[in-house]
Amino acid sequence: MIVHCPVLECLLLKKTYGFDSISINSSTLVSIGVSFLKKVELIVQDAPKLRRLLQLEQSTELKVSIRGRAKIYCAVSTVTLSSVLTSVSKG
């Protein structure tokens, strides 16, 4: 989906469909917010700076597999998008 983006720090995947899994491999990504329309596996292959994983809606099952470097300190389920945007804007 997204390839060769060396400055990507935050990624929002909202109401996506058409695939069973998503692989993350990013040396710069710090935060991911996700919302899927069906069951999806999120595979973190190598994301050494990844600290936050937010499931924005709990309408579907999310399976997370960490296969490489990642130090996720905050894994939150069912937060509203407006609260995420508010905290980012106050940043």
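Thr-16 is buried in this model, with a relative accessibility of 16%. The model is a predicted one. Thr-16 belongs to strand β1. Beyond its neighbours within four places in sequence, Thr-16 is in contact with Ser-35, Phe-36 and Leu-37. Strand β1 covers residues 10-16 and strand β3 covers residues 31-36.

Salt bridges were searched for across the whole structure, and 2 were found. One of them joins the side chains of Lys-38 and Asp-20, at 2.7 Å from N to O. This pair links distant parts of the chain, 18 residues apart. Lys-38 sits in the loop between β3 and β4, the latter spanning residues 40-46. Asp-20 sits in the loop between β1 and β2. The two partners were also examined for accessibility. Lys-38 is partly exposed, at 35% relative accessibility. Asp-20 has a value of 55%. Asp-20 therefore counts as exposed, because the cut-off for that class is over 50%.

A salt bridge also forms between the side chains of Glu-41 and Arg-67, with an N to O distance of 3.8 Å. Glu-41 lies in strand β4, whereas Arg-67 lies in the loop between β6 (62-66) and β7 (74-77), so the pair ties together parts that are 26 residues apart in sequence. Glu-41 has a relative accessibility of 19%. Glu-41 is therefore classed as buried, since that class requires a value under 20%. Arg-67, in contrast, is exposed, with a relative accessible area of 57%. In general, side chains of opposite charge can pair when their charged atoms come close.

Asn-25 is exposed, and its relative accessible area is 56%. In sequence, Asn-25 and Asp-46 are 21 residues apart. In space, their C-alpha atoms are 4.7 Å apart. Asp-46 falls within the range given for strand β4, residues 40-46.

Technical notes:
Residues are numbered from 1 along each chain as its sequence is written. This is a predicted model: local features need pLDDT of at least 70, side-chain atom pairs count only at pLDDT 80 or more; totals for chains, interfaces and linings use all residues. Side-chain values use heavy atoms; hydrogens and water are left out. Buried means under 20% relative accessible area, exposed over 50%, partly exposed in between (1.4 Å probe, protein chains only). A salt bridge is a side-chain nitrogen of Lys or Arg within 4 Å of a carboxyl oxygen of Asp or Glu. Helices (H or I, at least four residues) and strands (E, at least two) are DSSP runs, numbered from the N terminus. Contact means heavy atoms within 4.5 Å.
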